[in-house]
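Please look through the sequence and the model shown here before reading on.

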Amino acid sequence: MLMQFQKGDLVRHLGLLDLQRTMQRALRRSGLPVAYSSGFNPHIVMSFASALSSGIPGDAELLDVSLSGDVTQEECLAAMNRVLPPALQASRVRLVDDRFPKASAALRQAAYRIVLRGGKTREIAQAVPAFLGETEIMALRKTKRSEMWVNIRPMLHALTASYDPDADSAVLKARVSFVETATLKPELLLSSLCAYAGAQLPEHEIRRTQLFGLVDGRPVPLMDM
């Protein structure tokens, strides 16, 4: 079973372990025929397509769950939404064979919606076309073990900006690479764009809106692959 759910604003600071425990409790309470691992300490066979950073909400997160019995998509959706809190409601369920590749294995790109407020928001939004015109954008990518300068331009597949002068705010929509060897985090994209525009990072909110795989080189929502 593939389940698409939201991680709403009220639970955006929920960490991965807490989210795992929440989903495990919900699956047990749902009454669905979930499958358990074998061994001394059996647990529900489930996995997320991608861990979402604490503090960032998501509109289309994916949970992979193995089932041990027959049930319809409609029954799965209704059963899960009966036991999930409003901020974690499921929007779609798709039943797939256990031989179907895990969603995490097919993940290639992610889309984000970033709202900027105040500061030099207008200048940042206006810098987007020139930013996209660059063939090389070097940025310092930090990991737990190292820091490395990388060219993030090949990891940026789409970026648009719309500025609202009345609210002095802008909405950025980005689609970026999301694979182990070439992931562009939205925070690094935003800091690089601000530096390019000669602006300090303004007040902002980041939301993940979709996860994609690739079919013939084209992005397709993981739920539809």
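## Terms and model

A residue is called buried when its relative accessible area is under 20%, exposed when that area is over 50%, and partly exposed in between. The model described here is a predicted one.

## Two loop residues with positive phi

Most residues other than glycine have a negative phi. Aspartate 168 has a positive phi, near 45°, and is not a glycine. Aspartate 168 sits in the loop that runs between strand 8 and strand 9. Its relative accessibility is 27%, so aspartate 168 counts as partly exposed.

Aspartate 216 also has a positive phi, of about 55°, without being a glycine. The loop between strand 11 and strand 12 (218–221) holds aspartate 216. Because its relative accessible area is 75%, aspartate 216 is exposed.

## The nonpolar cores

The largest nonpolar core is made up of 40 residues, and Leu172, Leu184 and Leu222 have the most contacts inside it. Several elements supply at least two residues each to this core, including helix 3 (103–106), helix 5 (128–133), strand 8 (156–164) and strand 9 (169–179). Helix 6 gives the largest share of this core, with 5 residues. Another core lies apart from this one; it has 26 residues, among them Met1, Leu27, Leu88 and Ala90.

What is leucine 184 in contact with, leaving aside its neighbours within four places in sequence? The residues are Ile152, Met155, Leu156, Val176, Ser177 and Leu189.

Helix 2 spans residues 73–83, and its residues Cys76, Ala79, Met80 and Val83 are buried. These residues cover an arc of only 95° around the axis, and therefore lie on the same side of helix 2. An α-helix has 3.6 residues a turn, so residues three or four places apart point the same way.

The buried residues of helix 2 pack against strand 1 (2–7), helix 1 (16–30) and strand 4 (90–94). Glu74 and Arg82, on the other side of helix 2, are exposed.

## Cysteines

A disulfide is a covalent bond between the sulfur atoms of two cysteines. The count of disulfides in this model is 0, taking a pair of cysteine sulfur atoms within 2.5 Å as the rule. Cysteine 76 has a relative accessibility of 0% and so counts as buried. Cysteine 194 is buried too, because its relative accessible area is 2%.

Note on methods: Residues are numbered from 1 along each chain as its sequence is written. This is a predicted model: local features need pLDDT of at least 70, side-chain atom pairs count only at pLDDT 80 or more; totals for chains, interfaces and linings use all residues. Side-chain values use heavy atoms; hydrogens and water are left out. Buried means under 20% relative accessible area, exposed over 50%, partly exposed in between (1.4 Å probe, protein chains only). A nonpolar core is a set of buried Ala, Val, Leu, Ile, Met, Phe, Trp, Tyr and Cys residues joined through side-chain atoms within 4.5 Å. Helices (H or I, at least four residues) and strands (E, at least two) are DSSP runs, numbered from the N terminus. Contact means heavy atoms within 4.5 Å. The arc is that of the directions from the helix axis to the C-beta atoms.
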